[in-house]
Amino acid sequence: MFDPAVLAQILWTGLATSSYMVLFTIAFSLVLKVMKLWNFAQAGMMAIAFYAMYAAVNRFAWPTAAAVVFGLAVTLAATLAFEIWGLRTLRARRSSSLLFFIFTLVCSEFAAYVLTLVFGTEPVTLFPEILSPVRVIGQIAVSDWDLLGVGVTLALGIALALYLRFSRDGQFVLAVSDNAELAELYGIDAKRVYLVAFSIATVFVCAGMYLYGSRTAVIPTAPLQLMLFAVIATLLGGMGSVLGGALAAVGLSLLQSYSVLFIPSQWQGLILYVFLFVTILFFPGGVRRGFKAA
Amino acid sequence: MSAVLHLEGVFKHFGGIVVADDITLEIERGQILGLIGPNGAGKTSLFNIVTGVVPADAGDIRVNGVSIAGKGIHERARMGIARTWQNMRLFRTMTVLENMVVAPREYAGESMVRLCFRPGAVRRADEQACEQALAILERMQLERLADNAVTDLPYGQQKLVGLARALMNDGPCLLLDEPMAGVEGHAYETMKAVVRQEAQAGRAVCVVEHNISFIKDLCTSAVFMSAGRILERGQIADLLASKTLAELYFGT
Amino acid sequence: MEYVYSILILVGIYVVLASSFNLIIGTAGLVSIAHPIFFALGAYTSGLLAIHFGLNPIAGTLAGAAVAGVFSLMISLPSLRVSGDYLLITSIGFQLGLLQVIKNLELTGSQGGLSNIPTPIAGPERGWIFSLVALAAGAATVLLIRWIVRGPYGRAISAMRDDELAFVALGRDATRIKIVIFAVGSALAGIAGGIYAFYFQYLSPEQFEILASGTMLTMVVVGGMGSTWGPVVGAVLLLALPQAITFLRLPLSYMAPLQGMIFTLLVILFLFLRPQGLVAPEAPAPLRHKKQ
């Protein structure tokens, strides 16, 4: 059971599968950091991203690249509409965190219902074929999907880090994350920064759903569960830290992967919630930033 | 030792800023202590530390000899520390009387168990609180405003209501955070008179204020804070005559 | 006729659920999504007690309510100790986690659900007896909550919502109030669960999924958050709508998502166009004192 080759394989596969989780967590974490908003509408974004790409590939028979661009465009449109017509109004009214929560959650649920009407509840994958070519390196089986997952995640993650640290726009984003009112006093347009943050989140969400959907069958209500993982990882990683969230996502993923050695598979899903409870009991860092969008 | 409130070696820092640096002070029964100093000196922060809104990093705080370390905000209020806020913090959807009725140290209506099993006792406690509130309002000549929404009142009267609400707590200690800011005329005189009455009745009062005439009129002694430290303490006249303090305060 | 009875029973159950959820999120302002799981806890507890111990419906329902109330502490105690916002995450986790447990435990019938819950009440009287019970429970819930909210406890809650820090600095234990309200609301949901279990005699995990929270949110938001009669209006509306949709004669696979779509769309519309809902919260009872 503890054969090093098996452990190494689990490590690699666990890391690879953590890729989409990391992407979802970064998206969620970034929006929380910049806008102080627990964006439960992300599940809706994820669902829309997947089904847009799915429709492009399977219904319109477009090539993959076009499908991805289409997915990005549709998700971006929906997300920006959500921010401009939805969140801005609530912010202007100084709505309570309860209303923000209800709105974001109900948007996800609405999206799930609409997608169920259009696509039904049959689980579908992005491509007809979910198996990708595998090569053996050392004693570990490495599939093309694994490499794509790790590669895309690293690339996007590093790009985001560089953007935030070295570009002027990125500096504005960090300034607004720190103190939106102060940033506005210095002439930084917080509204534009929010749009930027959501756009970045859209990219990460689409990438994540591409990876997830090319490997696992998806139903319209699946993103809600996936999003919860991102929420827990965000909490664990510390609410202001996108990197922390990403690392927590990797850690939780590996925990789930290794848990297969110890517990029956049907209970694997429960690990996440146990971890959630442990986090809340022993890491009461407090939700200092609260739910209100800045 | 007749000190009602005793602070010993209280430390607090936020990030790199020291907000309270080895604060040691005492307030006795019947004393009105002025807490003065420039903005950002840590005066309100000290109130927040004493009331438990902000936890101290180190130090001892005692009320009538009993340590309040580790006690939550509401427990400290029940031990007899009453306070007002710089920005009043009245309950905006409620009337003057309603604001005050939820303010005594013990409020029967906050326990679901008592509400369900001893409704008569709860009702009687409510009536008593009403009477107590009206008595306090009468001292301020505000009893006719009892059923007005607090948001309908002019600023000066709102501040008086804030003080009245704090007075529902009959405990030994009263902390007032800039009670006179923006207040003048009749409200000013009323507030001064009421604070003096409370001290005469035996309360230990500490007032954070920028209004020098108020301090001179009312306070028996004062403490000058700057950048989290107590620089000077003693009689008002001496502090106000000190040139170094004047420089710090007025920048002249 | 049986059909009419089942509607009446659902009205009663929905009123209990909507009112208790409204108490938690509308009146006390607690952000929680876990109401369906307390409904489930009440239902499964009373169902299992009936199946394995032959417990009668009344005792079973009360046991279900107690279990729901106690389990609510598992959410509220750890998270409210920290801050009110943590409650949301804990409630989501609890909702989904417990549902996983129910789906996998053989005791609760796993995915297939729990069936054949016995009731001593059989025969033609079933219908109207349960209708009476359900409607009475609904009425009692509304009146109980109204009594709580209009009195000194409700005044404390109002103050807490206006400015929690100032409220606590007066000596009030806001955390305890929140924990108690959460427990009371959850226990009431448990009662609704008990009534549901004994009448419909079949429980499946799908009925309590997180999307069920959408139904409850609709009832509360559309009805009017924080008001006494809003949840009643919301509950009736939520039951009337599907009946209206049935006339469209669509296949079942379209009905459920269409229903869900309409509900969530209603919530969104109301959130923006009429946030106070259909019934605005009424003013609290004025304080009676001598100087009037």
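## Interface between chain C and chain A

In this predicted model, chain C and chain A bury about 4,000 Å² between them, where buried area is the accessible area (1.4 Å probe) that two parts lose on being put together, summed over both. Carbon and sulfur atoms give 80% of that area. Helix H3 (57-80), helix H4 (86-104), helix H9 (212-223) and helix H11 (252-273) of chain C each supply at least two residues of the side that touches chain A; helices are DSSP runs (H or I, at least four residues), numbered from the N terminus. That side of chain C divides into 31 nonpolar, 12 polar and two charged residues, with Asp, Glu, Lys and Arg counted as charged and Gly among the polar.

The contact (heavy atoms within 4.5 Å) takes 45 residues from chain C and 44 from chain A. Two residue pairs are in polar contact across the interface, both at pLDDT 80 or more; the rule asks for N or O atoms within 3.5 Å, one able to donate a hydrogen and the other to accept it, and residues adjacent in sequence count only if both atoms are side-chain atoms. Salt bridges (a side-chain nitrogen of Lys or Arg within 4 Å of a carboxyl oxygen of Asp or Glu) number zero between chain C and chain A.

## Basis of the values

Residues are numbered from 1 along each chain as its sequence is written, and chains are lettered from A in the order in which they are written. Local features need pLDDT of at least 70, side-chain atom pairs count only at pLDDT 80 or more, totals for chains, interfaces and linings use all residues, and side-chain values use heavy atoms, without hydrogens and water.
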